Amino acid sequence: MTDHELAGRLATEAGALLLDVRAELAQATAEERKAAGDKRSHDFLMAALATERPEDAVLSEEGVDDPVRLSARRVWIVDPLDGTREFSELGRADWAVHVALWEEGELVAGAVALPAQGVTLATPTVVAPPAGADAPRVVVSRTRPPAIALEVRDALGGTLVEMGSAGAKVASVVQGISDVYVHAGGQYEWDSAAPVAVARAAGLFTSRLDGSPLVYNQRDSKLPDLIVCRPELAEAVLAVTAG
């Protein structure tokens, strides 16, 4: 099984497990669903990677950061449940599972599963999004759109699309539901590694807000800002974010 196939399979299977958790705990509290989802998906992914790729290191949001990854040639970067709040709210579909592989300085494979939508986007082949809207759609959080996203919306004469998790937001650009995702703070490598791998496979533009490359498997796992957008909008977006 190739690394691409493994990423897609594990993201999909973790997503199916999370749907089972959601159904099992439908009468539980939101906090209980969050805790169970995070733990069970993390445990599944760690066990599966230990079996399938025992020589590789793993960086997971829910795991203890093992410094061995800093000298490893291959590191899986996973978010077992991206969007715990959305997952905990029954009926919400804008949450995800992220599985990415970093190898010798680059993201080489990745998958973003959207379990409640029945969709997994995985490298190496991701269909490019259809033509964008006349007014670029900037995807933002439902409750806390960052100021930089509002500035980009205004500069591009665009509109806002509200959505939950980071993975769901990037997936919306890949799927042609939105055109631009900009984020200014509060993320880590696991929030964007798999979405960025998938976005790049779809031919989208990705970078930091200042236009510099997104770099993974760093000692400090914080990676606070990023851009994912249609390539024809990159110059206009960077004029706002890097200016």
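Predicted model: local features only at pLDDT ≥ 70, side-chain atom pairs only at ≥ 80, totals over all residues.
Biologist: Is His4 buried, partly exposed or exposed?

Modeller: His4 lies in helix α1, which covers residues 3-24. Buried requires under 20% relative accessible area and exposed over 50%. Because the relative accessibility of His4 is 24%, His4 counts as partly exposed.

Biologist: With which side chain does the side chain of His4 make a polar contact?

Modeller: Beyond neighbours within four places in sequence, His4 is in contact with Val108, Ala109, Thr123 and Pro124. The C-alpha atoms of His4 and Val108 are 8.3 Å apart, although 104 residues separate the two along the chain. The polar contact of the His4 side chain, at 2.7 Å, is with the side chain of Thr123.

Biologist: What distance separates the end C-alpha atoms of helix α2?

Modeller: Helix α2 comprises 23 residues, 30-52. Among its buried residues are Ala36, Ser41 and Leu45, and the buried residues pack against α1, β1, β2, α3 and β3.

Biologist: Which strands are the edge strands of the open sheet?

Modeller: The sheet has five strands in the order β1-β2-β3-β4-β5, with mixed pairing. Two of them pair on one side only, and these edge strands are β1 and β5.

Biologist: Which residue is the bridge partner of Val78 in β3?

Modeller: Strands β2 and β3 run antiparallel and are joined by seven bridges. Within this part of the sheet, the partner of Val78 in β3 is Val99.

How values were computed
Residues numbered from 1 in each chain as written. Heavy atoms only, no water. Helix = DSSP H or I, 4+ residues; strand = E, 2+ residues; numbered from the N terminus. Buried < 20%, exposed > 50% of the residue type's maximum accessible area, 1.4 Å probe, protein only. Contact = heavy atoms within 4.5 Å. Polar contact = N/O pair within 3.5 Å; in protein donor to acceptor, adjacent residues only side chain to side chain. Expected span 1.5 Å × (residues − 1). Pairing = 2+ DSSP bridges.
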